[in-house]
Amino acid sequence: MAGTVMRDEERGLRMNVDASHDIAVTVGLAPSDVLQDIFEHVCQGISYFDADLKLVCCNSLYLELLDFPAWMGVPGTSLSTFFEYNARRGEYGPGAIEQLVEERLNLARRFEAHAFERERLDGTILRIEGNPVARGGFVTTYTDITSLRRSEEALKAARDRLEERVQSRTAVLAEREAELQRKTDMLETVLESVTTGITMFDCDMQLSLINTRAAELLDLPQSLCTPGTPLSEIIRFNASRGEYGDGELEDLVQRSLGRACQSDSHRFIRERPNGSTLEVSGRSVPEGLVTTFNDITEQRNAERLLRDANSELECRVEDRTRELRLAKEQAERASQAKSNFLAQMSHELRTPLNSIIGYSDMIRMEMFGPIENPKYAEYLELVNKSGRYLLELISDILEMSRLESGKAELDVNIVRVRDAVLEARLTVEERAQRRGLTVAEEIEDALPSLEVDTRRLQQMLLNLMTNAIKFTPEGGHVQICAFARSDGGITIAVRDTGIGISGTDIERIRDPFTQVRRPSNVTEGTGLGLSIVDGLMREHGGRMQIDSKLECGTTVSLEFPASRTKG
């Protein structure tokens, strides 16, 4: 249906174009085949609209680059027709068709020089340059900057067709001399509007045509830009001012002239003494030689800057790599020193702590007689409790150090999941009851056993159960459950109805010594428990997963891989 609508709209546009065409023929504005051939010769799409914004002429490359149908290239076609065609197929983006067309017509009515780039829906990038004409209207050029080679081939083909047309029209030249003069003036206007320098030499290597852009790019005096100037004189002028490097003048002239006269096409880059860079392309045609000149100074400078930037970046990467290597070595030395220090301090601290704990236990039990002052018993209880807490802290720090250094060796055994879960529950049940909490377990039947470090598994479960009890208010509930996953692994999870963890804190809580929101009645804790559990799970090839929401409780899951299951 959309295609049918587009064809109806296109038929409407064509009817308008046909009417405009009849008017254009009446006033004698239709370009002749000769002019059309001239336009076809240049490597840019060209359109010429008069002061009434009616098409005077255009070349086929213009229609091709903008993907216009051939019927729109008829002289007299209104510029609004082109704008409307583009708007309907989405070239100008979303919006009302009439508004999009009117906006562009308002800009065109200013008849101001303009230049910009536009990317079409098919990915083609066009350079569009418009210049007003003294008699009214404007000439616009369209350059496909995505394919320079395509432009060169189009120019050569246009030149060949132009020469063939000129020969076939020689018989009627006299009667159309006035018209031809007008077309010649128009061609000069077009040639002076393009940004590519163009020269043509005949078979005797004498200048036939040169546009202003070519004279500017080559920095030629006016005396050498007149038709009939031999190519050898231009080459000699260039050689005398060092355009071709050092050497004998006549040798340079003959070498350059021979390259220009060779039958094959040629293309090369010329670095001029003034610092500019030209891309020169020459093609031999039956009538002589056509050459185009493009200033690519900015492109070459950009390439040079890019190479310099890449070199600098490589140097910086090498320097940074060297710095990182040194930093890594220093970090490894520091880590080793820390591990040695912690191992030594663990031994040095454990010995007196064990003595403090042991002697305080003996005194608390009144093994050698009663404690007469009850305050001493209270103090002894605090000393014993603090000693045990400090010993636990030292053990946690040493365990964290072993995990970070990769030296946490596992003593692997076959463990029944049900036994491990029940043991952990019994260990913390008294503490939970003191806090007014209920503890339950939910263990799936016929669970496989786990091949793990038994002591480390109990350490992980007790850490999670203790945390759940610590952060669950009185009257809450703690549950430990175990079940098999579809991938063959086993998950042991501890759920509570506690205060929960915010989303921003969940990932941060895995870091050592990190403590987040806690109840006012909780004073103990170093922030190492979950970090140790996380590290031990990685050592077992599994992972620790935390799911929590503030005031809605927390679930911490130990996910053991299928490779750890047995039976």
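Contact here means heavy atoms within 4.5 Å. With that cut-off, Leu231, Ser232, Ile235, Arg236, Ala239 and Ser240 of H9 meet Leu249, Glu250, Leu252, Val253, Ser256, Leu257 and Ala260 of H10. By class, this contact of H9 with H10 has eight nonpolar, three polar and two charged residues. The model is predicted.

**The chain**

The chain has 567 residues, and 43% of them count as buried. It holds 16 helices and 18 strands. Among contacts between residues at least 6 apart in sequence, 58% join residues at least 24 apart.

**Two helix pairs**

Two packed helices are described by the angle between their axes and the distance between the axes.

| Helix pair | Residues | Angle between axes | Distance between axes |
|---|---|---|---|
| H9 and H10 | 231–240 and 249–261 | about 130° | 9 Å |
| H4 and H5 | 79–88 and 97–108 | roughly 140° | within 9 Å |

The crossing of H9 and H10 is right-handed.

For the second pair, the axes come within 9 Å and cross at roughly 140°. On the H4 side the contact is made by Leu79, Ser80, Phe83, Glu84, Ala87 and Arg88. H5 contributes Ile97, Leu100, Val101, Arg104, Leu105 and Ala108. By class, there are eight nonpolar residues, one polar residue and three charged residues in the contact of H4 with H5.

**The five-stranded sheet**

Five strands make an open sheet with antiparallel pairing, in the order S2-S1-S5-S4-S3. Its edge strands are S2 (55–58) and S3 (114–119), each of which pairs on one side only. From one strand to the next, the twist averages 15°.

S5 has S1 and S4 beside it in the strand order. The antiparallel pairing of S1 (residues 45–49) with S5 runs over five bridges. Within S5, Thr140 is the bridge partner of Ser47. S4 (residues 125–132) pairs with S5 (residues 138–144) over seven bridges, again in the antiparallel sense. In this pairing Asn131 stands opposite Val139 of S5, and Ile128 stands opposite Tyr142 of S5. The hairpin of S4 and S5 has five residues between the strands, and Gly136 there takes a positive phi near 105°.

How many residues of S5 are buried? Seven of its seven residues are, so the strand is mostly covered, given that buried means under 20% relative accessible area. Phe138, Thr140, Tyr142 and Asp144 point one way from S5, while Val139, Thr141 and Thr143 point the other way. The residues on both sides are buried.

**Two buried residues**

Arg120 lies in the loop between S3 and S4. Is this arginine buried or exposed? Arg120 counts as buried, because its relative accessibility is 6% and the cut-off for buried is under 20%. Leaving aside neighbours within four places in sequence, Arg120 is in contact with Leu65, Leu66, Asp67, Arg89, Glu91 and Leu126.

Leu218 belongs to helix H8, which covers residues 212–218. With a relative accessible area of 6%, Leu218 is buried. Not counting residues up to four places away in sequence, Leu218 touches Asn238, Arg241, Arg270, Arg272, Leu278 and Phe293. Gly197 is 21 residues from Leu218 along the chain, and the C-alpha atoms of the two are separated by 8.8 Å.

Technical notes. Residues numbered from 1 in each chain as written. Predicted model: local features only at pLDDT ≥ 70, side-chain atom pairs only at ≥ 80, totals over all residues. Heavy atoms only, no water. Helix = DSSP H or I, 4+ residues; strand = E, 2+ residues; numbered from the N terminus. Buried < 20%, exposed > 50% of the residue type's maximum accessible area, 1.4 Å probe, protein only. Axes fitted to C-alpha atoms, helices over the stretch in contact; angles between N-to-C directions. Left-handed = near helix turned anticlockwise from the far one by under 90°. Nonpolar A, V, L, I, M, F, W, Y, C, P; charged D, E, K, R; others polar. Pairing = 2+ DSSP bridges.
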